[in-house]
Amino acid sequence: MEAKRSSKLTQTAMLKQILKRCSSLAKQQCYDEDGLPLDVPKGHFAVYVGKNRSRYIIPISFLTHPKFKSLLQQAEEEFGFNHDMGITIPCEEVVFRTLTSLIR
């Protein structure tokens, strides 16, 4: 039971770190006083998908979905999270849109 709680705390810390890195999107955007992009509603974050790196604004609640967690792990392995453009998801846009429509 204690190991499961520790695992959830680790996942929570990882998700908070991901969200913090997501907030440093493209430099030409306008930011509020907290350094967050003005065009991203509270409770959401931006990801970039596909060859053209199309930008999608998605709810934070997606972070708890197993399929989305799998995409984040792939993104970390392929691109890492330490860059200025936000999270880049390594899949085709049509696959991403299908996944997100199933999660909603």
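Y48 stands opposite T88 of strand β3. The model is a predicted one, in which local features need pLDDT of at least 70 and side-chain atom pairs count only at pLDDT 80 or more, while totals for chains, interfaces and linings use all residues. Residues are numbered from 1 along each chain as its sequence is written, and side-chain values use heavy atoms, with hydrogens and water left out.

Strand β1 covers residues 44-49 and pairs with β3 in the parallel sense, over three bridges. Strands (E, at least two residues) and helices (H or I, at least four) are DSSP runs, numbered from the N terminus. Two strands pair if DSSP finds at least two bridges between them.

The three strands form an open sheet in the order β2-β1-β3, with mixed pairing. Strands β2 (54-59) and β3 (87-89) each have a single partner strand, so one side of each lacks a neighbour in the sheet. On average, neighbouring strands are turned by 40° against each other, direction ignored. Axes are lines fitted to C-alpha atoms, for helices over the stretch in contact; angles run from 0 to 180 degrees between N-to-C directions.

Helix α2 (residues 66-78) lies across β1, β2 and β3 and runs at about 105° to β3. Helix α3 (residues 93-103) packs on the sheet, touching β1, β2 and β3. Its direction makes about 15° with that of β2. Contact means heavy atoms within 4.5 Å.

T88 belongs to strand β3. T88 is buried, at 4% relative accessibility (buried: under 20% relative accessible area; exposed: over 50%; partly exposed: in between; 1.4 Å probe, protein chains only). The T88 side chain makes a polar contact with the side chain of R53, at 3.3 Å. A polar contact is a pair of N or O atoms within 3.5 Å; within protein, one must be able to donate a hydrogen and the other to accept it, and residues adjacent in sequence count only if both atoms are side-chain atoms.
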